[in-house]
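Q: Please take a close look at a single part of this structure. Then lead me from there to the other parts.

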Amino acid sequence: MENLVSKATKAAIRHAKYRKSPKVNKDDLLVGILQVISRFDIVQIGQLTIDLEDFQGISRDGYMDEPANISNQKVAYSDSANAIFEKAASIARKDNSPKVEVVHLLVAFADENNGLMVQLKEKYGFSGRDWRVALSDWQSFSSEKTVMDSKIAIGAKSMVDVSEKQFFSPDEAAEFLDVHVQTIRGYIRMGKLPALRLAGERALRIKREDLLALLEPFKPEET
């Protein structure tokens, strides 16, 4: 699953290319982040609301008429963008985070005194401190939370579906037994797990009872 930082940097590169710039600057990076965390071009961070349509060239709709050769342009990160990455890495370490998240990149912009961040502050009337306060309790787009929420939602749905399913795909079987899908495929290749093939198709299906048959009682070793 692609994380938000990766999506944001791709959007930043795209914005730099759209400007026909050979460098991704810090404003491109901020634009990329705002784009990926927005919905309908609205960014909501705590009590702060930012409408990307208030700023020319930020709204994703602005890319509808982009040049056909935009993907062929080569760009590199500018010193200003690299400085934001380095600052975000320091913030992530202080936050005891194993990696840089979008929220750390956003915090890194708090004290910027020029460029797009200043425009945001002036337009919506917030300070660097207000920005950090809003982000301190902002969890909506934390990648770990997004992944965890997705797993919980999928798990809850799966519990209902699995109770009624009689046939499983290899992926579903792996989820059912909480093992890697390659483990399931290996069992099938070794003949350890029977599988059926849909008529005229390559898709495999596995019976529920055959999956359950893989389980055996655990016998603790005698000490």
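**A loop residue and beyond**

A: F40 counts as exposed, because its relative accessibility is 69%. The terms are set by relative accessible area: buried is under 20%, exposed is over 50%, and partly exposed is in between (1.4 Å probe, protein chains only). This is a predicted model, in which local features need pLDDT of at least 70 and side-chain atom pairs count only at pLDDT 80 or more, while totals for chains, interfaces and linings use all residues. Residues are numbered from 1 along each chain as its sequence is written, and side-chain values use heavy atoms, with hydrogens and water left out.

F40 sits in the loop between α2 and β2 (42-45). Helices (H or I, at least four residues) and strands (E, at least two) are DSSP runs, numbered from the N terminus. F40 is not a glycine, yet its phi is positive, about 55°. Most residues other than glycine have a negative phi.

K20 also has a positive phi, near 60°, and is a residue other than glycine. K20 lies in the loop between α1 (4-18) and β1. With 62% relative accessibility, K20 counts as exposed.

Helix α3 (residues 79-94) has 16 residues, which at 1.5 Å a residue should span 22 Å; its end C-alpha atoms are 23 Å apart, which agrees. The expected span is 1.5 Å times one less than the number of residues.

Which residues of α3 are buried? They are A81, I84, A88, I91 and A92. These cover an arc of only 100° around the axis, so they lie on the same side of α3. The arc is that of the directions from the helix axis to the C-beta atoms. On the other side of α3, D79, E86, R93 and K94 are exposed. The cover over the buried residues of α3 includes β1 (23-24), α2 (26-37), β4 (76-77) and α4 (102-108). Contact here means heavy atoms within 4.5 Å.

D137 is placed in the loop between α6 (128-136) and α7 (143-162). D137 is exposed, at a relative accessible area of 67%. D137 and G46 are 91 residues apart in sequence, but 7.2 Å apart in space, C-alpha to C-alpha.

Now the aromatic rings. The structure holds four aromatic pairs. The rings of F55 and Y124 have centres 6.2 Å apart and planes at 55°, so this pair is tilted. Rings of Phe, Tyr and Trp (its six-membered ring) pair if their centres lie within 6.5 Å; planes under 30 degrees apart count as stacked, over 60 as edge-to-face and the rest as tilted. F55 lies in the loop between β3 (48-51) and β4, and Y124 in helix α5 (residues 116-124), so the pair ties together parts that are 69 residues apart in sequence. F55 is buried at 9%, whereas Y124 is partly exposed at 26%. The rings of F168 and F176 also form a tilted pair, with centres 5.0 Å apart and planes at 35°. F168 is buried at 0%, whereas F176 is partly exposed at 25%.

Last, the sheet. Three strands form an open sheet in the order β5-β7-β6, with antiparallel pairing. β5 (167-168) and β6 (196-197) stand at the edges with a single partner strand each, so one side of each has no neighbour in the sheet. Strands pair if DSSP finds at least two bridges between them. β5 and β7 (residues 204-207) pair over two bridges. F167 stands opposite K207 in β7.
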